[in-house]
Amino acid sequence: MALPLPRTYVDVHILQTVPPANLNRDDQGNPKEAYYGGVRRSRVSSQAWKRATRVHFTERVPEQDLATRTRRINGALADKIADRTGLDTEASARLAGALLAPLKISAGKKEGDTAYLFFYGHRQLDDVAALIHDRAAELAALDDTELAAEIKQLPVQEKFSTSHPMDVALFGRMVADIPALNVDAATQVAHALSTHAVELEFDYFTAVDDETKKGEETGAGMIGTIGFNSATLYRYASVGLHQLSRNLTDQEAAVTAVEEFVTSFARSMPTGYGNSFAHRTLPSLVAVVVRDDQPVNLVSAFEEPVATSSGIAAASARRLAREYATATRAWGDAPAFTSLCHTFTDSGQTTELLSDTFGEAVTFPQLLAGLRTYLTDAVKQAA
């Protein structure tokens, strides 16, 4: 068995400019905001970007290697039992309920639903269904008491406690009713904040009724408003490779999961009002820093909001570089590895400052390859 890894944090710092958009709505339907440094900022919740990251995983990773989060685990398990055994819907649902009963997950208001969302791997549910594959017809013929006694002997909880998929290992799982099923998250994701002050704006729109227009009637068929803002966002996340390795029980898989996370975190985007604003952009800057002390969020670079008549993204990049250099010098915590990808093309202060601070810029594929090589070597040295 491989030795536990020493503390290894992979910090991801991103600057991303977003045009007029409403990525993540509050209870009033407007873009979420926060006060920071005494001014109003655009904000995108960590939950929104974690969800976007998980959705992006599905474009790169086979579904069976990922997880799903639902209240309808009973129905999902019943479908798998029916597919595997050929039992009818009623018998499959009864066996699914019996298999999940020992977990004692609180029931929801709707029949068959759990009281809260349950995060589990597709392969984990397959493994649970496989426990009764060869005995399904026999078990279905038993009465409730006999069935419960037989199911009690099966390692159902163990199947949900091992072989975690990548997204459960990264983002963790909490089951209030069954602490044994909890998984400590290996990833921390900060709320994205604009590096500058923003003001909420409204798009007043009308929709024309094409048929009344033919009759030369005036007026709109619909009138509405959508709140929006535009911002250069600072985004931050940190992955604990040591915790991820414990969750996956496979150090090589943990390195792969870090690479997948960095890829999907950088390339993903929440989809709020996506058709109305077409807001998909790519980051202007991605910096990866590997540390052995603690995660370090550099949002303090923007406590004083960036104020410039042009080039907010470039000014933000310079702020970030200076804050990183200052923190490293003041605290004496030299990182083990850094890599930088950015799209700034000026030959002046911005690119030189970034190179002096984070090292020469590389392409995003090169950043990922360099990170993977470093983490793979670090794992081998720990072993």
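This is a predicted model: local features need pLDDT of at least 70, side-chain atom pairs count only at pLDDT 80 or more; totals for chains, interfaces and linings use all residues.
A polar contact is a pair of N or O atoms within 3.5 Å. The protein has 383 residues, of which 45% are buried, and its secondary structure consists of 15 helices and 11 strands.

**Overall form**
- Computed along the principal axes, the box filled by the C-alpha atoms is roughly 80 × 75 × 35 Å.
- The protein exposes about 19300 Å², and carbon and sulfur atoms supply 48% of this area.
- Of the contacts between residues at least 6 apart in sequence, 76% join residues at least 24 apart.

**Nonpolar cores**
- The largest nonpolar core contains 49 residues; those touching the most other members are Trp-49, Leu-244, Val-258, Phe-261, Val-262 and Leu-371.
- Helix H11, which spans residues 251–267, contributes eight residues, the largest share of this core.
- Beyond its neighbours within four places in sequence, Val-258 is in contact with several residues, including Val-10, Val-239, Leu-241 and Leu-375.

- Arg-41 belongs to strand E3, which covers residues 39–44.
- Arg-41 is buried but has no salt bridge.
- Glu-303 has the nearest side chain of opposite charge, 6.6 Å away, whereas a salt bridge requires a distance within 4 Å.
- The backbone oxygen of Glu-303, however, lies 3.3 Å from a polar atom of the Arg-41 side chain.

Terms used: Residues are numbered from 1 along each chain as its sequence is written. Side-chain values use heavy atoms; hydrogens and water are left out. A nonpolar core is a set of buried Ala, Val, Leu, Ile, Met, Phe, Trp, Tyr and Cys residues joined through side-chain atoms within 4.5 Å. Buried means under 20% relative accessible area, exposed over 50%, partly exposed in between (1.4 Å probe, protein chains only). Helices (H or I, at least four residues) and strands (E, at least two) are DSSP runs, numbered from the N terminus. Contact means heavy atoms within 4.5 Å. Lys and Arg count as positive and Asp and Glu as negative; His and the chain ends are not counted. A polar contact is a pair of N or O atoms within 3.5 Å; within protein, one must be able to donate a hydrogen and the other to accept it, and residues adjacent in sequence count only if both atoms are side-chain atoms. Accessible areas come from the Shrake-Rupley method with a 1.4 Å probe; for residues, only the protein chains shown count as cover.
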